[in-house]
Amino acid sequence: MNINWYIVLSALLFTIGATGILVRRSPMVILLCLELMLNAGNLALVAFSREVGNQQGQVFALVVMVIAACEVVVGLGLIVAIFRRKLPLDVDDLRRLHG
C-alpha cells in the first residue's frame with residue numbers, strides 16, 4: 001500500500017487534535033486531543049519506517065507511546081487534584097491561579 005494514504009490520515013488526525021486543543025477549554029478534552037496528536041505522529045513515524053525498510057521509526061514510536069502514557073498519568077493526577085480542591089475545571093480560569 002502507498003505511504004501517501006498513511007501520511008494524509010496522520011495529517012488529518014493531527015489537525016483534528018490541534019483544533020480540539022485550540023477550541024476546547026476542558027483539561028480532559030485537551031489531554032485527549034494531545035494524545036490524538038501524538039498518535040498521529042506515531043502513525044507517520046511507523047509509515048516512514050516501513051517505507052525505508054528499517055525498524056528505527058517503530059522503536060522511536062514506542063518511546064513516544066511511553067512518554068505519552070507518562071504525560072497522561074501526570075495530567076490525570078493534576079485534574080483529580082484540581083477537582084478535589086473544588087477549583088474550576090476551565091483552562092482559562094486555571095490560568096489566573098497563583099500560589
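Predicted model: local features only at pLDDT ≥ 70, side-chain atom pairs only at ≥ 80, totals over all residues.
Residues are numbered from 1 along each chain as its sequence is written, and side-chain values use heavy atoms, with hydrogens and water left out.

On confidence, pLDDT is the predictor's own score for each residue, from 0 to 100. The protein chain averages 90, with 95% of its residues at 70 or more. Helix 1 (residues 3-23) has the highest mean, 96, and helix 4 (residues 91-94) the lowest, 74.

Now the fold. We've got four helices and zero strands, counting DSSP runs numbered from the N terminus: H or I with at least four residues for helices, E with at least two for strands. The radius of gyration of the protein chain is 17 Å, well over the 13 Å that the globule rule gives for 99 residues, so the chain is more spread out than a compact globule. That radius is taken over C-alpha atoms, and the rule is 2.2 Å times the number of residues to the power 0.38. Along its principal axes, the C-alpha trace spans about 50 × 25 × 15 Å.

And burial: 22% of the 99 residues count as buried, meaning under 20% relative accessible area with a 1.4 Å probe, protein chains only.

How values were computed
Buried < 20%, exposed > 50% of the residue type's maximum accessible area, 1.4 Å probe, protein only.
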